[in-house]
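Work through the exercises below with the model open. Each task is followed by a stepwise solution.

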Amino acid sequence: MSDYLDAFGRALPQLLDGLLITVVLTLGGALLAFVIAIVLGLVARFDNIILRGAARIIIELFRGTSLVVQLFFFFFVLPLPPFYTQLNPIFVGVLALGLNYGAYAAEVVRGSINSVAAGQWEATTALSMTRTQRMWRIIFPQAWALMIPSLNNLLIQLLKGTAVVYTITIVDLTAVFNKLRVETSVYFAYGIALVIYFILAYLLMLFMNGLEKRAVHKLGRQAVSA
Amino acid sequence: MIDTSLWNWDHVWASLPDMLMAFVKVTLVVTIVGSAIAIVLGLVIALVRRSAPKPISRIVTFLMNFIRMTPLVVQLLFMYYALTSWSPLMVGIAVFGVHYATFMAEVYRAGIDSVPRGQWEATTALSMSPGRTWISVIIPQAVRATVPALGNYVISMFKETPFLVAVSVIDMVGAARAYGADHFRFTEVFIVAGVLFLIASYPTSLLINRLEKRLAY
């Protein structure tokens with residue numbers, strides 16, 4: 001056991017680097033996914049059929065093909081002719097995670113906006129608000145409170161999804177533990193890896209729950225989920 | 001001689017047989033057997049959490065959340081190196097089944113909660129045994145409401161089968177990558193892999209949406 005702890009101690013600097021990479025991928029991917037989700041979610045509700053259709057195609061394309069396919073596509077295809085674009089693997093990771101989970105989140109955004117009570121929409125018409133005012137001041141704050149629980153789930157899915165990036169040469173947390181496995185044991189290395197991922201997921205969940213409480217409080221209501 | 005064209009159909013036709021074979025032998029097998037395990041085990045987890053004594057249900061709940069909130073890829077690697085006597089495909093099926101069971105357990109829980117209280121009271125009034133209450137009254141109603149959500153998890157599982165690359169199982173995407181590496185040509189294979197995923201999952205999700213509307217009562 002003390003051998004294991006020694007090996008663990010030696011691996012600690014790499015472990016912190018790996019942790020940083022996993023956090024960067026998670027936060028970078030989440031940020032990109034969030035922007036994509038808001039844009040696609042709003043555009044998918046437009047009256048203009050061309051814009052709406054384009055948003056739908058993008059959403060279904062990135063939802064329907066697998067994350068790993070997207071990751072490999074950006075990583076293996078872009079450097080070859082005729083593209084000749086070698087991207088930084090971490091950037092590839094953020095891009096694939098952001099697009100994939102952004103497409104899922106866009107559906108959440110669209111659905112939440114649609115499920116804001118009809119009376120709220122009518123009230124904005126009665127007050128002759130502009131479309132921007134209506135969305136920004138009345139509809140979105142209420143939709144935001146509705147969408148946080150689903151976004152919370154997606155964020156944890158995204159964190160879990162980052163573990164696959166070691167297959168495109170990124171030395172993330174999983175890659176570091178793959179190395180530690182060789183020096184220690186399977187149970188020791190992956191046991192710790194799972195606990196670290198669990199703690200990260202738990203922290204994200206606490207953060208999102210706080211966000212939900214705030215969003216609901218701002219509307220003058222009580223939070224539904226704990 | 002490097003092919004600099006944007007698209008070459010020859011690579012599509014050359015890679016397709018291997019990819020389709022891997023699709024049937026790995027992707028479909030893992031999805032179908034894994035879903036079967038998840039559907040049954042998920043119900044077991046939901047029932048244990050509801051009916052078992054407090055300490056047991058607490059432990060099961062913790063394990064469930066732990067599995068739900070940690071990466072499938074790490075679980076695959078863990079079991080692959082821990083269960084060396086199992087074939088990688090078996091490990092994959094077991095890990096996918098257990099991982100998704102933890103998600104399906106939550107779906108069942110919501111389904112069971114959605115059965116009106118009057119139904120429970122009626123079984124008491126008819127002095128039904130607990131076993132009969134569950135089997136002939138509660139579960140049939142609870143499961144009906146859960147079908148669409150379970151279906152969505154089956155589709156998610158299907159799209160996560162390429163994670164099997166971690167345990168050296170060659171699924172459709174693995175076959176695509178192998179072909180690409182041999183021929184230094186990845187465009188066609190990954191596009192074809194994406195299209196195959198889309199062809200299989202998009203109609204299924206439309207079907208589930210329709211089912212969801214029909215079952216909503």
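**Exercise 1. A helix pair**

Is the crossing of H1(A) and H6(A) right-handed or left-handed? Describe the pair fully.

Solution. 
- Note the source: this is a predicted model.
- Two packed helices are described by the angle between their axes and the distance between the axes.
- Locate the helices. H1 of chain A covers residues 2-43, and H6 of chain A covers residues 131-161.
- Take the distance and angle. The two axes come within 9 Å and cross at roughly 135°.
- Classify the angle. Roughly antiparallel needs an angle over 145 degrees, and roughly perpendicular spans 65 to 115. H1(A) and H6(A) are therefore oblique to each other.
- Assign the hand. H1(A) and H6(A) make a right-handed crossing.
- List the residues. H1(A) brings Thr26(A), Gly29(A), Ala30(A) and Ala33(A). They meet Leu155(A), Leu158(A) and Leu159(A) of H6(A).
- Sort them by class. The contact of H1(A) with H6(A) has five nonpolar residues, two polar and no charged.

**Exercise 2. Chain A as a whole**

How many helices and strands does chain A have, and what box do its C-alpha atoms fill?

Solution. 
- Count the elements. Chain A has eight helices and zero strands.
- Write the order. From the N terminus, chain A reads α-α-α-α-α-α-α-α.
- Get the box. Along the principal axes, the C-alpha atoms of chain A fill roughly 70 × 50 × 20 Å.
- Check burial. Chain A has 226 residues, and 38% of them count as buried.
- Check contact range. Take the contacts in chain A with a separation of 6 or more; 73% of these join residues 24 or more positions apart.

**Exercise 3. The core**

Which residues have the most contacts inside the largest nonpolar core?

Solution. 
- Size the core. The largest nonpolar core holds 121 residues.
- Ala105(A), Leu76(B), Met104(B) and Ala193(B) have the most.
- Set aside neighbours within four places in sequence; Ala105(A) then contacts Ala33(A), Phe34(A), Ala37(A), Leu151(A) and Leu154(A).
- Link back. Ala33(A) is also among the H1(A) residues that meet H6(A).

**Exercise 4. The chain contact**

Which helix gives the most to the side of chain B that touches chain A?

Solution. 
- Count both sides. Chain B gives 30 residues to the contact, and chain A gives 30 residues.
- Find the suppliers on chain B. Helices H3 (72-82), H7 (172-183) and H8 (187-215) of chain B each supply at least two residues.
- Pick the top one. H8(B) gives the most, with eight residues.
- Sort by class. The chain B side has 22 nonpolar, six polar and two charged residues.

Terms used: Residues are numbered from 1 along each chain as its sequence is written. Chains are lettered from A and ligands numbered from 1 in the order in which they are written. This is a predicted model: local features need pLDDT of at least 70, side-chain atom pairs count only at pLDDT 80 or more; totals for chains, interfaces and linings use all residues. A nonpolar core is a set of buried Ala, Val, Leu, Ile, Met, Phe, Trp, Tyr and Cys residues joined through C-beta atoms within 7 Å. A residue is buried if 20 or more other C-beta atoms lie within 10 Å of its own, exposed if 12 or fewer, and partly exposed in between; C-beta atoms are placed from the backbone. Two residues are in contact if their C-beta atoms, placed from the backbone, lie within 7 Å. Helices (H or I, at least four residues) and strands (E, at least two) are DSSP runs, numbered from the N terminus. Ala, Val, Leu, Ile, Met, Phe, Trp, Tyr, Cys and Pro count as nonpolar, Asp, Glu, Lys and Arg as charged, and the others, Gly among them, as polar. Axes are lines fitted to C-alpha atoms, for helices over the stretch in contact, and angles run from 0 to 180 degrees between N-to-C directions. Angles under 35 degrees count as roughly parallel, over 145 as roughly antiparallel, 65 to 115 as roughly perpendicular and the rest as oblique. A crossing is left-handed if the near helix is turned anticlockwise from the far one by less than a right angle, and right-handed if clockwise.
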